[in-house]
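Morning, everyone. I have one chain to walk through, and I will keep it short. Please look at the screen.

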Amino acid sequence: LGSKVANYLPDGYKAYMVKTDCQSQCKIQKNVKQYCYLKRLREQEYYISASTNFALAPRETASNLREAVKIALKMINNQQSQ
């Protein structure tokens with residue numbers, strides 16, 4: 001998932017695989033303080049959250065990878081103002 005996400009990211013962003021029980025989660029990072037996690041739950045269902053615990057943390061969902069990355073970038077950029 002990380003390499004697929006990386007194809008959609010603008011310069012200055014990186015995608016890293018997160019060690020989980022499956023290969024369906026990655027971390028999208030702009031810098032040390034600005035990042036979020038993206039997880040593919042089913043073939044066309046993606047969760048985006050600031051935490052790896054998608055069950056407890058607030059999250060957004062998307063039905064395709066392009067939309068999920070767009071939401072993730074918005075989430076990361078909104079972290080600046082906090």
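Let me start with a question: in which helix does Ala6 lie? Ala6 lies in helix H1, residues 2-6. Helices here are DSSP runs of H or I with at least four residues, strands are runs of E with at least two, and both are numbered from the N terminus.

Now the ground rules. This is a predicted model, where local features need pLDDT of at least 70, side-chain atom pairs count only at pLDDT 80 or more, and totals for chains, interfaces and linings use all residues. Residues are numbered from 1 along each chain as its sequence is written, and side-chain values use heavy atoms, with hydrogens and water left out.

Back to Ala6. Its relative accessibility is 38%, so Ala6 counts as partly exposed. The cut-offs: buried is under 20% relative accessible area, exposed is over 50%, and partly exposed is in between, with a 1.4 Å probe and protein chains only. Ala6 and Ile28 are 22 residues apart in sequence, and their C-alpha atoms are 8.4 Å apart in space.

Next, the whole chain. It has two helices and five strands. The order from the N terminus is α-β-β-β-β-β-α. What about the radius of gyration? For 82 residues, a compact globule would be near 12 Å; the chain has 11 Å, which agrees. That radius is taken over C-alpha atoms, and the globule rule is 2.2 Å times the number of residues to the power 0.38. Along the principal axes, the C-alpha atoms fill a box of roughly 30 × 30 × 25 Å.

Some totals. Of the 82 residues, 38% count as buried. The accessible surface is about 5400 Å², and carbon and sulfur atoms hold 47% of that. Areas come from the Shrake-Rupley method with a 1.4 Å probe; for residues, only the protein chains shown count as cover. Take contacts between residues at least 6 apart in sequence: 31% of them join residues at least 24 apart. Contact means heavy atoms within 4.5 Å.

Lys14 lies in strand E1, residues 14-17. Beyond four places in sequence, Lys14 touches Leu9, Lys27, Ile28 and Gln29. Lys14 and Gln29 are 15 residues apart along the chain, with C-alpha atoms separated by 5.3 Å.

Lys30 is in strand E2, residues 25-31. Lys30 is partly exposed, at 32% relative accessible area. Leaving aside neighbours within four places, Lys30 is in contact with Gly12, Tyr13, Ile76, Asn77 and Gln80. From Lys30 to Tyr13 is 17 residues in sequence and 4.6 Å in space, C-alpha to C-alpha.

Lys70 sits in helix H2, residues 65-78. It counts as exposed, at 65% relative accessibility. Lys70 and Tyr8 are 62 residues apart along the chain, and their C-alpha atoms are separated by 8.7 Å.

Last, the cysteines. Cys26 is buried, with a relative accessible area of 0%. Cys36 also counts as buried, at 0% relative accessibility.

That is the chain. Over to you.
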